[in-house]
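Hi,

Here is the structure I said I'd pass along.

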Amino acid sequence: MLFLLYSVLFLALFYVHFSLAHRAWITIRGKRSSELDMSYVRLEDYFGQSFRRKLKTWLSTLPAASNSTANLRVYHHGQERIFVAPTVQYPSGRVEKEILVAEGTFACGNNCDFRREVMVHGDCSIGEGTSLQAIAADGALSLGEAVTIRRWVDAAGKLTIGADTAISSRATSRTAIEFLPGAYAQSLFAPEIATEGRNDDSPELSTKIGPVLQIPHRPGDSPQAQHGFDPQKLFSMGGGTYAYEGDLDVTTPLHLRAPLVVRGHFSCAKESLLEADIKAHRNITIGPASVVKGNLVCDGNMLLKPDVYFQSILQAGGTMRLSFGVRGLREKLPVAAHATGALTLESNIVINGKVSSAHRVIAISTPLAWLQTNSARA
Amino acid sequence: MAITALIIFSWTLIGIAMIVLSAYAVRHYYLAYSRMRIAHPRETNELVGFVMPRITVFVPMHNEERVARDVLQALVDCDYDWELLEVIPVNDRSTDGTRAIVDDFARRYPFIKPYHRSEGVGGKPAALVEATVNATGEIYLMFDADYVPGRAVLKMLTAPFLDPEIGAVMGRVVPHNIGDSLLSGLLSLERSAGYQSVQQARFNLGFTAQFGGTVGGVRAAALRAVGGWNPESLTEDTDLTFALLLSGWRTAYVNRAECYEEVPQDWNVRRRQLSRWVTGHTECLHNYWPDLVRARFLTRGEKWDAIFLLAMYLTAPIIVLGWLASLVLFFVPEAHAVPVLPFAMLIIGYQLFSNQATFLEIGVATLLDGTRLRALLMPLSLLNFFANTGAICNALRKFYWNRFWGSGGDGWYKTHRTRPGSDGKGFGLNQAPTGAARQSLNGLYHANSEGMGD
């Protein structure tokens, strides 16, 4: 009897060990996994478009509240209220807790606080020091100095991000973005992104062309190490791609003709031509007035010196800095630059595409005195 | 004398088992920990859509009439520009309606170019060797016929190739038939841990990910550089991973490139699948370990990681030998020189330490996936563990027996499909949009796509 009791108790304890698993199985049995969104596609302006779509649905299906007037229609969506007006103008210091829709233009003074999303069908101007949850504009959007956006910004027209403005998420425009010093965002995407001090004059290039180093080297080239390049360290990985053992700091203009993997730091002198992709296991530094046609990828930090022209994608595992005068554009697709650390944009930068960072994208002002001393034009 | 020798031998076996299993346990604890702590420096999610080379998508098929429409329709609905896309369904000696389905899609979509095979060596690698000859893409992507890629998967898998060091890429497979049997539910845990925890952690740490032969791709130039597909390997994907690694190429892992798959529901099917993997993997270990040890391009950590990866199936017979040695020591009275209780506590404590590593990985994966209900199935993984151990030991026995006697091993075995036909409607899965697929070269802006009107 005792043995029987002991057996029953043991079996019960044994089952308890598996009882949660058994219950979970009963719940899951017969079901299919459905956690993947098969229709997902990545869109840079997803937040803005998703908000517009939802708003359109709400305004077309919800009845206007009884206290609506000709100049202000009110809609109730659950616990939220939506205010719709033809034109909106707020004085300084105003606080609003509703979703706001301006069918025409929208303007507000300084230090306002809009706790919910704002939709503007015309042009929009936001005063200094104002805080917003998020804003979408179908016209031009101008953010004053030190504005804070807690989520995203999207504009169909030109987007001006004032000095010291902080955007926690994406800033997108279908026209152009002007990104002024001190401002930061997590990513920017537009047909054209420009920082302050834009100057489209071509950089002055050297009149004296020194020895150009070609990688891979040509038959007949010296096998001796020179200009920071040692041919003995260059190996073929097959498929037209090469690997270089150790740091590669080329002190003369470089003409790169094949994809290269550098197992160390990579840097090249000014006026180099990089026609293929480069990967560096550490840092990458590109000399002034160089042309980069291939992709640049590094596990460390990346620096593009003044007046570099890139037509590709930049990816850095550390920080990235694009110096004064850098240009990024290509014919069929936008360019992109992404850094895991901070991505810093100096003055006079124009990029057709995207800049993003897992940390933040920051615009800084380049002092004129520094430019006179250090740029490729000197 | 004999008893003493037996005792010493048993202790030696236990010692070896504990050392090897401890090494694996420490490795897996570290992978689970680093998955939670280390950021993703090589993530390319922000660059999806900016890397748009010409690609060729291969879909090997052998009697796949039940599932062929789903995968082809899913590829048609992908948001990759059709002018840069080539889809090659590889019809490998099918005797059912596969050919008719494939030809129907080819008539409607010019970028679908079937390759029909009626003779030659059977199996996926041999079929790919032939089909690759006329491919025009810079990047070759592969999907098995029972997979259903989402709309963005092609772009996600292509993005890592902006890095010239990347020779191959692997996405993530997600079982969709989790509730069809207890086995499929347990395998979903195994897959979660394998991809969400282990693959991602290894990639974050700078090790090469493992190319799995489906929901993945390879750079055409890199494939040619290493001599193409190995038609004699049962796991041409593992073989390719290490052939690329030894030439300096890396494999990237894209966790976000998720694709549904169908896992075995039946223990017999699972056993045969596992047998193929064990044989192929162990064959790669024998083929590549000397070169891995000598490889100039690899750090010491990378070499150890690669060896651990290839040798993982050898842990099963080591565990079994350890058990047998424990039994011997337990039943041989002369072995009780050590006090029994501390010995038992040591063994139990050690088991807890080493086994919890795997459960930690599963727990981390289900936490990150948000599938906590499924995590409760973990105690039942014990059944899977014993079944796997038996299947792996049997497969290794056959492998070494064939190797010793120089006889042929297992041939290629196609995993049985259980999903019923759905006429391209993606049975049981989320619906892809119907109507004309978007073909925009730059679909980075919201642009008048179905279901998302202004």
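Ala146(A) is partly exposed, at a relative accessible area of 36%. Before you go further, do keep in mind that this is a predicted model. You'll find Ala146(A) in the loop that runs between β12 (141-143) and β13 (148-149) of chain A.

Ala289(A) is another non-glycine with a positive phi, this one about 60 degrees. Its loop joins β29 (284-286) and β30 (291-292) of chain A. Is Ala289(A) buried or exposed? Ala289(A) is buried, with a relative accessible area of 11%.

One more for the backbone list: the peptide bond between Ile215(A) and Pro216(A) is cis, its omega near 0 degrees. Pro216(A) sits in the loop between β20 (213-215) and β21 (234-238) of chain A.

**The cores**

The largest nonpolar core has 77 residues, and the ones touching the most other members are Phe106(A) and Phe266(A). Both domain 1 (47-175) and domain 2 (213-377) of chain A supply at least three residues each to this core. A second, separate core holds 72 residues, among them Val67(B), Phe105(B), Leu157(B) and Phe203(B).

If you want to click around Phe266(A), its contacts beyond four places in sequence include Leu248(A), Leu254(A), Leu274(A), Ile278(A) and Ile284(A). Asp249(A), Asn283(A) and Thr285(A) are also in contact with Phe266(A).

**How the two domains of chain B meet**

Chain B is assigned a domain 1 (2-36 + 313-405) and a domain 2 (44-309). Their C-alpha centres lie 31 Å apart. Across the boundary, 34 residues of domain 1 of chain B are in contact with 37 residues of domain 2 of chain B. Together these two domains bury about 3000 Å², with 67% of that on carbon and sulfur atoms.

How many salt bridges are there between domain 1 of chain B and domain 2 of chain B? The count is two. Asp369(B) and Arg172(B) pair up through their side chains in a salt bridge at 2.7 Å, N to O. Ten residue pairs are in polar contact between the two domains of chain B.

On the domain 1 side of chain B, the elements giving two or more residues to this boundary are α1 (2-37), α12 (340-369), α13 (372-375) and α14 (381-405). The largest share of that side, twelve residues, comes from α14(B).

Cheers

Notes. Residues numbered from 1 in each chain as written. Chains lettered and ligands numbered in written order. Predicted model: local features only at pLDDT ≥ 70, side-chain atom pairs only at ≥ 80, totals over all residues. Heavy atoms only, no water. Core = buried A, V, L, I, M, F, W, Y, C linked by side-chain atoms within 4.5 Å. Buried < 20%, exposed > 50% of the residue type's maximum accessible area, 1.4 Å probe, protein only. Domains from an automatic or database assignment. Contact = heavy atoms within 4.5 Å. Helix = DSSP H or I, 4+ residues; strand = E, 2+ residues; numbered from the N terminus. Buried area = accessible area lost by both parts, 1.4 Å probe. Salt bridge = Lys/Arg side-chain N within 4 Å of Asp/Glu carboxyl O. Polar contact = N/O pair within 3.5 Å; in protein donor to acceptor, adjacent residues only side chain to side chain.
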